[in-house]
Amino acid sequence: MHIPRPTNAEAHAGLRALVGVHSTDGNLSPIALRLLAATQQHILHTSFDVESLPPISPEQLAAALVRSEVREAFSGALIIHGFASGDPSPAQLAMVEAYCQALGKAPTELTALRHYTERRLALLRFDVLRHMYIGDALGRIWEDEGVMGFLKMVGLFKGKRSDPALAARYQALGKLPPGTLGHTYFTSIREQGFSLPGEPFAGPEVMARHDMIHVLSGYGTTPDEELLVSAFTGGFRREGAVSAMLFALCLFDLGVQTAPVAQPTIGRLDPDAFFAALVRGSRVTVDFYGDWDLFAVAHLPLETVRAQYNIAPREG
């Protein structure tokens with residue numbers, strides 16, 4: 001995700017739009033204040049008194065934000081703030097829609113926000129999944145292998161079959177020297193009791209990339225840490241950045257079951273840590289869900305790989 005540096009005037013106008021989304025009932029909630037403070041600190045680098053900022057009209061916002069990249073960034077921010085507000089209302093949805101329309105942007109995630117607001121949770125799950133990396137992976141399975149590919153994947157997940165060749169490739173990572181990316185990944189998977197790709201009960205192979213990102217970023221697997229992984233992922237993704245974050249926000253902050261094996265939780269978002277992880281991810285030089293080959297660097301020391309991809313030490 002490219003995070004442009006807005007001018008002071010652009011930041012002021014964008015903040016007024018975010019205030020407009022959060023204050024449809026006339027008040028800024030505690031979580032809204034934390035979200036706005038974190039946005040200022042990590043994204044905008046401003047220090048406006050948000051409690052004194054009046055909401056901006058869609059027309060005024062469009063006049064203030066002329067640059068396309070800034071319009072794109074604030075459209076995504078409106079979606080994230082809408083979901084992260086705790087329980088988005090129809091009035092908040094209407095504000096987000098009006099602002100996005102004025103900016104000439106129609107992010108796909110706006111449909112997801114609409115589904116959540118209208119409590120169409122099955123459609124929400126489908127919409128979020130198909131626009132993130134899991135949807136991309138399933139699409140490739142369908143193109144390459146058709147129905148049989150899906151049946152194979154389901155059989156693996158349910159423990160009714162295995163893929164010995166694929167499993168052997170990942171199991172070999174455990175033979176690499178300690179401290180390498182591959183060995184660290186292998187050890188992490190085994191310690192947590194998960195299956196490697198190709199083994200019974202394993203998920204789609206794309207999940208190995210998600211697990212590698214845990215290793216590379218240093219974030220754990222608790223709900224709080226999974227939210228940070230999603231923000232970090234949104235930062236380095238070239239496409240589907242907002243959807244990557246919505247998957248975890250729905251699961252670990254709004255309590256919506258978007259993954260079959262994770263327990264939903266409510267209210268786990270730490271805005272300060274979340275936006276710090278987003279910026280950290282945006283500075284990474286590769287999209288790990290793109291053409292990246294994890295086996296090409298698995299033999300390298302973990303710290304060497306982090307340096308190669310400009311993965312900074314995590315804050316705190």
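Q: What angle do helix 5 and helix 6 pack at?
A: Helix 5 (residues 90–102) and helix 6 (residues 109–117) pack at about 165°, and their axes are 10 Å apart. A helix here is a DSSP run of H or I with at least four residues, numbered from the N terminus. Axes are lines fitted to C-alpha atoms over the stretch in contact, with angles from 0 to 180 degrees between N-to-C directions. The model is predicted, with pLDDT of at least 70 needed for local features and 80 or more for side-chain atom pairs, while totals for chains, interfaces and linings use all residues. Residues are numbered from 1 along each chain as its sequence is written, and side-chain values use heavy atoms, without hydrogens and water.

Q: Parallel or antiparallel, then, for helix 5 and helix 6?
A: Helix 5 and helix 6 are therefore roughly antiparallel (over 145 degrees).

Q: Which residues make that contact?
A: Helix 5 contributes Pro90, Leu93, Val96, Glu97 and Cys100, while helix 6 contributes Leu110, Leu113, Arg114 and Thr117. Contact means heavy atoms within 4.5 Å. By class, six of these residues are nonpolar, one is polar and two are charged. Ala, Val, Leu, Ile, Met, Phe, Trp, Tyr, Cys and Pro count as nonpolar, Asp, Glu, Lys and Arg as charged, and the others, including Gly, as polar.

Q: How do helix 1 and helix 5 cross?
A: The axes of helix 1 (residues 8–22) and helix 5 cross at roughly 155° and come within 8 Å. Helix 1 and helix 5 are therefore roughly antiparallel to each other.

Q: And which residues meet there?
A: From helix 1, Arg16, Ala17, Gly20, Val21 and His22 meet Gln92, Met95, Val96 and Tyr99 of helix 5. The classes in this contact are five nonpolar, three polar and one charged. Val96 of helix 5 is in contact with helix 1, and Val96 is also listed in the contact with helix 6.

Q: New topic: what about helix 4 and helix 13?
A: Their axes come within 10 Å and cross at roughly 5°. That makes helix 4 roughly parallel (under 35 degrees) to helix 13.

Q: Which residues are involved?
A: Gly76, Ile79, Ile80 and Phe83 of helix 4 meet Val242, Met245, Leu246, Leu249 and Cys250 of helix 13. Eight residues of this contact are nonpolar, one is polar and none is charged.

Q: How much space lies in the second largest pocket?
A: The second largest pocket holds about 680 Å³. Its lining has 36 residues, and Met1, Glu72, Ala73, Gly76 and Val242 are the closest to its centre. Helix 2 (30–44), helix 4 (68–84), helix 13 (241–252) and helix 14 (271–282) each give two or more residues to that lining. A pocket is an open set of points on a 1 Å grid over the protein atoms alone, with protein on both sides within 12 Å along at least five of seven lines, and lining residues have an atom within 4 Å of a point. A volume is the space filled by probe spheres set on the points.

Q: Which helix gives the largest share of the lining?
A: Helix 4 does, with 11 residues.

Terms used. Angles under 35 degrees count as roughly parallel, over 145 as roughly antiparallel, 65 to 115 as roughly perpendicular and the rest as oblique. On a 1 Å grid over the protein atoms alone, a cavity is a set of points where a 1.4 Å probe fits but cannot get out, and a pocket is an open set with protein on both sides within 12 Å along at least five of seven lines; lining residues have an atom within 4 Å of a point.
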